[in-house]
Amino acid sequence: MSQKNRIEGGQINRDKVLNFTFDGKRYSGNAGDTLASALLANGVRLMGRSFKYHRPRGPLTAGSEEPNALVQLRSGALQEPNTRATTAELFDGLSATSQNRLGTLSFDLLAVNDRLSNFLTAGFYYKTFMWPKAFWEKLYEPVIRRAAGLGSLSLKDDPDVYDKGFLHCDLLVVGAGPAGLMAALTAARSGADVILADEDFAMGGRLNSETLTIGNEAGADWAAATVAELASLPNVRLMPRTTVIGAFDHGIYGAVERMNDHLAVPQSGKPRQILWRIYTKKAVLAAGAIERPIAFANNDRPGVMTASALRSYANRFGVAVDRRAVIFTNNDDGYRSAADLHAKGIRVTVVDPRADVSVLKDYEVLSGAQVIDTMGRLGLTFVKIRLADGEERTIECGALGVSGGWNPNVHLTCHQRGRPRWDDGLAAFVPADLPAGMRVAGAAAGDLSTAGALAGGARAAQEALELDGAMPPLPEAEDAPVNITPFWYVKGDGRAWLDQQNDVTVKDVRLSHQEGFRSVEHLKRYTTLGMATDQGKTANMGGLAVMAELAGKAIPEVGTTIFRPPYTPVAIGALAGRHRGTEFHPTRLTPSHVWAKEQGAVFVEVGNWMRAQYFPRSGEENWLDTVNREVLATRNSVGVCDVTTLGKVDVQGADAADFLNMIYCNGFAKLAVGKVRYGLMLREDGIALDDGTAARLAEDHFVVTTTTANALPVYRHMEFVRQCLVPDMDVQLISTTEAWAQYAVAGPNARRVLEQIVDQDISNDAFPFMACGNVTICGGLRARLFRISFSGELAYEIAVPTAYGDALMRRIMEAGAAFDITPYGTEALGVMRIEKGHATGNELNGTTTAANLGMGRMVSTKKDSIGAVLSRREGLNTETDLRAVGVKPVDSVQRVPAGAHLMALEGPVDATRDQGYLTSACYSPNLGHHIALGFLKDGANRLGETMRVVSPLTDEVVTVEICSPHFIDPEGERLRA
Amino acid sequence: MIIDHPLLGPRDSSEFTYLGDASLIDRPDPAGEDASSDFYDYAYLRDNPAGWHKELWFHEAGDRSWLVVTRNTVTHEISKVELASDVARAQGRSK
Amino acid sequence: MLDLKPTPAIGVPDQTIGTVTIAETDGVALASVAARKGQLVASEATLKSRLGAVPPVGGAVFGDAETGFWTGSDQWMITASFDSHENLADQWKDELGAAASVTEQSGGWVVFDVTGADMLAMCELLCSVAIRRMETGDVQRTMVHQMGCFVICCDAGLHIRIIGPRASALSLHHALIGAATAVA
């Protein structure tokens, strides 16, 4: 199809034709086009439907502030909703579809909403859908969700890759218009490390959209030459297609770089976007300004735009939105738009509400006039004007450019709660309180002339970097003053849009004011003015002005809503980076992982670790069969389990024993070298923190183990005690969790297996229960052996440097073959520790004390330790305190649910009658029935009592008998065998 | 945020773990006359000012040092960063 | 005669993507050294005699057979070839005696050497270290995709060594390959 509205000039590449489709229809554009400019070149003004009323809409702007022209880009899993056609860079094969419509874009069935507009006014959700309650879920919400909304998600996995990255610079310049380019150039020439970021694919800012000259060059040519010089410097990083989205604490900026969005087929393995964290010493914000519209009746038809957008489409993209245009302006910049369009052969009429403007132009000027209405079902066809004398006149045209003045782009200056300041001369807010290290230059600072921008940019860079010397020579440029008479909306009965994205009209603001929503933040929430993808960049000022007028206040007294990051919408994928799916966090593999995989182990995530949960064999019907086999095999002969994941902290130094005395509630000073002791750590409030063992390898050397989950917090806690509480103790800590592969070998035949591996004598006499020491294995490999048992059996834990972990596991399996050694996983481990009554995280759950755990006597009164004092306080030491108990069902076929509560055998069941709760439960293959551990009030004195366990969650009630938590070998004979 | 580590210079706060009020260094004397109530205050009473605050941060992804960071909780301005062990010694926690 | 064989953390061959080569360097022995209270001078004397100099804060000293780098206050990590220094920790402990605590670390870490022109751009996608400002001998401990790693600048702009947690070696390698592919 021909590009009927394409005119001469512009920066598009006419030799490079790009084909694309919109709603399935084929069009062509050129390299350098945006989707919006290409559609406009093809005579397509209608690009979307409005949020609430489904009014036909076209682009209002030519930039990222666009409220209307939101489309879905690409298809299938790559589909991206709410893409601004005004910033989407055209590529060959681009396919876009319009959104928020039922039927076709030109015949949207939901346009009926427009007829119901009296009903859909401000706060309509709050008022209308209150009653009856059941209707909300079943009727209102689905209907509203269908009708009101933007694009839709593909609901497929996003196949794109996103990265996060980190950059450092002396100066970050945000925006590559005249101010930003000059700032970057000044800084770069001084040798500073400079990053220049601009959201556009072409650097130059407004210079690309103007016919202005700088020196004796066209502005766009000067920009291109300056960019080329910057590109040649090694200390400059140019980042086009990069939006700086936030100004964070201490000079950190966030930015999204679009790497692949302009390519038809994303390159494999390459990130689509990169979310950069930029560490800056200083920053210059040169983000320019945004032209704001004026509200009048039916000001939202496709073809009605900001005047500067019409100018951009003509100058930069070579597009005449229509050959006949009207400019409605309250300021002199509107005349620049008129003159540029006129020069392109477009017939222009200017409508200026100011009565005193000169009408002596090459084109028609109607001073003292206002646009009062427009016509055209799917796009502008007529503009209705009220002239200075009150007469009305209608002009047939397809383009109406509106200029209500320019708003400096203060967004990033406010990200740390800074508030902008009102400037009467500009009739706009300008930056005031700036984040530390930030300077503002050019239009963003309220310097709207090109000369002002160049000088401001140079000055900002000089000040930021504290450069000596005079200002660099600046090329000559336009230096027109700002001449504006504030004019926000045309009075009248018709609907005049302030916020086109959210369908908020002047009437809505008036209504919300009448209903008492008078704070600007309330106005925003009640009317939705300034919400959604554009955050009201073209709408907020108009809304504030109307609100100020209604309240009889000046605009600065009304204030602005708070600007928050991000500056423009950011894909969730970019925020997630690579951390999604199985890469959500790093995976830690145990030293026996490869071997366990070969055995067909089923793995379970424990923290970041992948641990073998159980090792199924063929013929086993379910996991319970497997676990039962592993438990019985271990108790009857021997089993092996990888326990590397337990935290290990190396504690050395002359005061190492004193230090352990401090962090454990029980005593360690007298622990003999070559012995291990169980230790319980308390928090300072007397609650149990973690438990484990400490092995004394030498007078001044211990190895402390922690639970898997607490490895990091316990290490942190130990360092806290060392550095903050006992800074002059001679003790050194280092985490060695991953340095040692550690395996538990448990069962009556454990010694017979290890005797084949360990070079030293490990007989019961030479290496009794709770012994430990450095040994050698397999002919000389250094190793550590601990005679400790979590299962309750005769057991050892053997540790070797991790590189030997795989080999050792295979050797243990060989040595154990004669005893049918059975690898067991975390499930069997869990069953055996419950059978033995050993506590884990379920019992050390952040609410239990040593006394609750049945270890009250361990808390030494002869020494100071963390938590000792508060563990003795009255509230934790009453007669009805919880005590660890065991529980077994009276009817042995019944299951006992973990998490259930203990209640008296008779009587009502409620929280006031709660007697305790169960923490761990399992089926015990050794006992042939379910067992559980739990806490019961005064439990130690209630053994033998019959009670109910009640699980309201699963509706289970089971009669149980309270018993000792040590179901197996309560005397510990097996341990010592 | 950036924390200017006394040994390593400016480091991103994401490398640190936050604990809170640096008064945790002032652990009471367990043998003191009012040990019980002193420990109660120590364990449970924390200042939470809107403004300047001395806080403990742990350089977990760095040199594993505990730091005392003087930070304005409203503006996030940081005026001072010290090694907690130095602070502890200065407060008489030497053995 | 020892008849157990060590296995590398992954055992992956060197991989070149674009200009970047990522190599899992197997066979690095590691030991940490922490000076005891009041023994800083004695500890530093040993560091100096074995390495040639005491590694400064945030820095490494590349000795002939051994490299040492600073890891914390009065604390260093020593690396050497596993083949010649498998008992690295014992060697240092023998020499330091009660002047320092020495801990074997060989099993705890995986070592990757990353070389090539795009190494800098690749590192910008991995960690917040100001990689372009790093000079040869600079060392920083930092997070690489949530894994705590040492980043050692072996040859500014050309070669870095990343020492990361061995148990996460596959995740770390995956992250390196992903970043190298992204910038290739």
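**Helix 17, chain A**

I began with helix 17 (residues 656–663) of chain A in this predicted model. How many of its residues are buried? I count as buried anything under 20% relative accessible area, with a 1.4 Å probe and protein chains only. By that cut-off 7 of the 8 residues of helix 17 are buried, and the helix is mostly covered. The buried ones are A:A656, A:A657, A:F659, A:L660, A:N661, A:M662 and A:I663. Helices here are DSSP runs of H or I with at least four residues, strands are E runs of at least two, and both are numbered from the N terminus.

On the strand side I noted strand 35 (647–652), strand 36 (676–682), strand 37 (688–698), strand 38 (701–706) and strand 39 (732–735) of chain A. Helix 18 (711–725) of chain A is also a partner.

**Conventions**

I take residue numbers from 1 along each chain as its sequence is written, with chains lettered from A and ligands numbered from 1 in written order. Local features need pLDDT of at least 70, side-chain atom pairs need 80 or more, totals for chains, interfaces and linings use all residues, and side-chain values use heavy atoms, without hydrogens or water.

**Annotated domains, chain A**

I checked the UniProt annotations, which may be inferred rather than shown by experiment and are given in the numbering used here, with shortened feature names. An unreviewed entry places "domain: GCVT N-terminal" on residues 593–863 of chain A. That span is 26% helix and 28% strand, with its end C-alpha atoms 43 Å apart. "Domain: Aminomethyltransferase C-terminal", again from an unreviewed entry, covers residues 885–969 of chain A. I found 0% helix and 47% strand there, and end C-alpha atoms 16 Å apart.

**Chain C against chain A**

I then turned to the interfaces. Contact means heavy atoms within 4.5 Å. On that basis 47 residues of chain C touch 57 residues of chain A. Buried area is the accessible area (1.4 Å probe) that two parts lose on being put together, summed over both. Chains C and A bury about 4100 Å² between them, 49% of it on carbon and sulfur atoms. C:L4, C:K37 and C:R133 supply 16% of the area that chain C buries against chain A, more than any other three residues.

I looked for salt bridges (a side-chain nitrogen of Lys or Arg within 4 Å of a carboxyl oxygen of Asp or Glu). The rule finds 7 across this interface of chains C and A. C:E124 forms a salt bridge with A:R237, with the closest N and O atoms 3.1 Å apart.

Which elements of chain C supply at least two residues each to the side that touches chain A? Strand 3 (28–35), strand 7 (100–104) and helix 5 (169–183) do. Helix 5 of chain C gives the largest share, 8 residues.

**Chain C against chain B**

Here 12 residues of chain C meet 9 residues of chain B. The two chains bury about 830 Å² between them, 50% of it on carbon and sulfur atoms. Strand 5 (66–72) and strand 9 (139–144) of chain C each supply at least two residues of the side that touches chain B. Strand 9 of chain C gives the most, with 4 residues.

Technical notes
Buried < 20%, exposed > 50% of the residue type's maximum accessible area, 1.4 Å probe, protein only.
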